[in-house]
Amino acid sequence: MVFIARKSIQLIVAFFVLIAISALPALVAQMKFNPASYWEGLKQQFAQLTKLDEITYFNVTAQKEFLLLPTISPFIKETLIIFTTAMLVSAVCAIFYAYLFYRSGRKTRMMLKQTTRTLEMVPDLFWIILSQFLVLYLFKTTGYDKIEIAGSYAEYIRFLPILTLTLTTLFFFIKWLTTQVLEQEAAPFLELARAKGIRPAALFWKHLIPTMIYRFYLFFRANIITVLSSLVIIEYTFEVQGMFRFVFYNGQMPILMVILFLIYLPIFIIDLLAEWLIPNAWKGGI
Amino acid sequence: MRRTLMRDPVFWLCLFLLTGLLLLSFGNTIFRDGQVDQISNRYAEDGTFLATSPLKPSSDQWLGTDRSGYDLFQLMIEGFKWTAGICMIVALGRMFLSLVIAIPLAFRSARVNRYLKLILDGFLVLPLSLVALLILLPSLTFFDSTAIPPLFDRVSFELIVLILLGLPSLSLYLIAETRQLLSQEFMIVAQTLGGSPWHRFRRHIWPHLVPTLTIVFMQQFIQTLMLLVHLSLFKIFFAGTVNLYVGTAPTIFEWSSMFGYYYNQFSATSWLNHMFLVPLIGLALVVFFSNLFMSRLERAFRFRQQLKPIKLSASRAQDEAAATSMVDPFTLVARNSRHDSD
């Protein structure tokens with residue numbers, strides 16, 4: 001009961017904060033900060049809350065106004081597909097890399113560490129440009145044109161956005177997991193399990209990974225802003241018909257408010273599920 | 001930490017590159033009045049016309065020229081002080097204001113911090129580039145090139161916005177860091193002995209925070225640089241965007257604006273030319289070397305942490321040896337031996 005009350009309060013407070021953020025464009029006019037205009041903007045946003053289903057946006061291609069709420073669902077779907085696929089792929093790859101790292105000898109570990117540390121320093125933008133360049137180069141040399149480098153209103157682009165977001169987050173995840181493996185390796189519970197004769201593979205999958213999952217989630221949650229920033233730029237450069245690109249072309253305050261709710265809500269739900277579903281023992285409890 | 005860094009060649013390489021670029025940039029401003037050579041056409045020695053701008057990289061123009069004929073190498077050198085300066089000012093500004101906010105709050109009860117976290121939770125999931133774009137777009141896009149506000153106003157306005165946007169997350173981080181220090185044994189002792197919050201901060205927390213702040217500075221530097229690059233892709237160049245008949249143009253040629261300008265100019269017509277690649281590779285290298293610099297700082301900091309528990313002074317080791325000796329445990333080993341509390 002306390003948990004539900006706490007989470008409900010968190011959601012309500014977050015919604016208020018998001019409304020305050022969505023009114024920020026009203027704060028600035030002609031390079032001057034204007035609190036009175038911001039207050040008006042806030043009032044307007046609160047008034048809009050009761051008429052969310054009436055918010056419209058102008059579609060340039062069709063040259064007419066559309067209702068936001070049913071029409072935005074394909075954009076949400078597109079963003080969710082790219083985000084979740086990239087996160088799953090990079091999490092799975094990072095865990096397998098951690099396993100490889102765990103089973104490797106000192107020299108291999110050093111080599112793996114150096115390589116991933118170097119790759120981790122490469123900015124997301126470089127991956128985007130490099131992937132586009134490689135696809136173009138492939139097309140010029142072999143004539144292979146099945147990989148899209150930019151989407152359009154009618155065409156979806158998924159492969160390259162997923163690939164670049166995966167690459168950006170993969171090295172990020174790998175860094176954290178490698179540090180954790182090194183830290184946890186000498187933990188007493190692992191020593192005990194090893195002394196009992198449990199094989200290294202079982203040690204990793206049954207003992208080490210469960211203790212890391214919750215903290216891995218917390219790490220991901222703390223750094224989600226970085227991942228979403230990369231997604232914003234990926235959607236823009238690849239012309240993905242997603243939510244972030246949509247808000248770039250339709251930045252009016254009521255639309256912004258809805259989009260901010262739509263960004264926060266899934267993260268809140270994942271938070272809720274993580275707290276509910278991950279067993280207490282995995283969180284370090286008894 | 002300092003000793004580890006002094007012996008680290010990678011650290012010196014990064015420092016040399018970044019400082020060297022900065023000195024060259026200031027040198028160009030001081031000794032050449034910030035002048036950038038403009039070469040429209042290239043001719044052979046006998047006067048035969050060879051090419052017109054944009055000129056490809058050659059021994060005369062190392063990185064080639066852009067469409068207006070500006071030497072890209074000189075443009076990059078001239079622009080670096082802006083790029084580095086903006087990132088440094090934003091990083092320092094965020095750190096200073098975050099410290100002012102975070103330190104008093106860290107001394108408050110855990111409940112206050114819990115509430116603060118609850119309030120800021122919504123803010124911590126939003127991409128900064130998106131929020132910055134929505135705030136800056138209406139103010140920094142100019143449709144009349146003759147009615148652009150003064151440079152100082154534009155720069156200070158954008159700096160304020162960039163600093164303020166990074167405050168919530170950095171403040172929360174510094175609160176957590178300070179609270180962790182406050183929960184350490186030596187801090188509990190300092191409190192028990194009657195140390196005031198200011199005294200505890202000045203004498204105990206600050207020396208421990210400094211290495212973390214050095215790393216935080218580099219993090220903020222890179223974050224700001226990436227934010228500038230993202231904004232420039234959205235055609236929000238630093239200090240304003242002028243909408244001309246032929247497209248958008250920056251008002252200052254700093255690296256991120258150059259990248260966004262050339263990227264938007266050429267991605268639709270021709271692909272991967274030197275104009276677009278020069279700022280891209282330059283930015284990627286700056287981010288790479290800044291990350292490398294930060295990782296060396298982190299490494300030195302880690303070594304310092306690891307060394308701490310095993311660092312025993314000779315006198316203390318002798319005392320312990322004497323205390324455990326079965327022959328004569330009460331013999332003094334060294335007079336006035338000082339126990340190293342570290």
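The expected span of a helix is 1.5 Å times one less than its number of residues. Helices (H or I, at least four residues) and strands (E, at least two) are DSSP runs, numbered from the N terminus.

This is a predicted model, in which local features need pLDDT of at least 70 and side-chain atom pairs count only at pLDDT 80 or more, while totals for chains, interfaces and linings use all residues. Residues are numbered from 1 along each chain as its sequence is written, and chains are lettered from A and ligands numbered from 1 in the order in which they are written.

**View 1. Helix α4 of chain A, end to end.** Let us start with α4(A), which covers residues 73-103 of chain A. Which residues of α4(A) are buried? Among them are F75(A), I82(A), F83(A), Y97(A) and Y102(A), and the list also includes E78(A), T79(A) and S90(A). Here a residue is buried if 20 or more other C-beta atoms lie within 10 Å of its own, exposed if 12 or fewer, and partly exposed in between, with C-beta atoms placed from the backbone. The buried residues of α4(A) pack against α7 (159-184), α9 (200-222), α10 (224-237) and α11 (243-249) of chain A.

**View 2. The two domains of chain A.** Domain 1 of chain A takes in 1-50 + 251-286, and domain 2 takes in 73-249. These bounds come from an automatic or database domain assignment. The C-alpha centres of the two domains of chain A lie 27 Å apart. Where they touch, 11 residues of domain 1 of chain A are in contact with 11 residues of domain 2 of chain A; two residues are in contact if their C-beta atoms, placed from the backbone, lie within 7 Å. On the domain 1 side, the touching residues divide into 8 nonpolar, 1 polar and 2 charged. For these classes, Ala, Val, Leu, Ile, Met, Phe, Trp, Tyr, Cys and Pro count as nonpolar, Asp, Glu, Lys and Arg as charged, and the others, Gly among them, as polar.

**View 3. Helices α2 and α12 of chain A crossing.** Two packed helices are described by the angle between their axes and the distance between the axes. For α2 (residues 35-49) and α12 (residues 253-277) of chain A, the angle is about 65° and the axes are 10 Å apart. Axes are lines fitted to C-alpha atoms, for helices over the stretch in contact, and angles run from 0 to 180 degrees between N-to-C directions. From α2(A), the contact uses G41(A), Q44(A), Q45(A) and Q48(A), while α12(A) brings M253(A), P254(A) and M257(A). By class, that gives 3 nonpolar, 4 polar and no charged residues.

**View 4. Two positive phi angles in chain A.** Most residues other than glycine have a negative phi, and most peptide bonds are trans. M31(A), which is not a glycine, has a positive phi of about 65°. Look for M31(A) in the loop between β1 (28-29) and β2 (32-33) of chain A. With 18 other C-beta atoms within 10 Å, M31(A) is partly exposed. E239(A) is not a glycine either, and its phi is positive at about 55°. E239(A) sits in the loop between α10 and α11 of chain A and is partly exposed, with 17 other C-beta atoms within 10 Å.

View 5. L228(A) belongs to helix α10 of chain A. Is L228(A) buried or exposed? L228(A) is buried, because 20 other C-beta atoms lie within 10 Å. Leaving aside neighbours within four places in sequence, L228(A) is in contact with V125(B) and P127(B). L228(A) and I263(A) are 35 residues apart in sequence and 9.5 Å apart in space, C-alpha to C-alpha.

**View 6. Where chains A and B meet.** The contact takes 37 residues from chain A and 36 residues from chain B. Chain B's touching side draws at least two residues from each of α4 (110-120), α5 (128-140), α6 (151-182), α8 (197-233) and α10 (274-310). The largest share, 9 residues, comes from α5(B). The residues on this side of chain B divide into 27 nonpolar, 6 polar and 3 charged.
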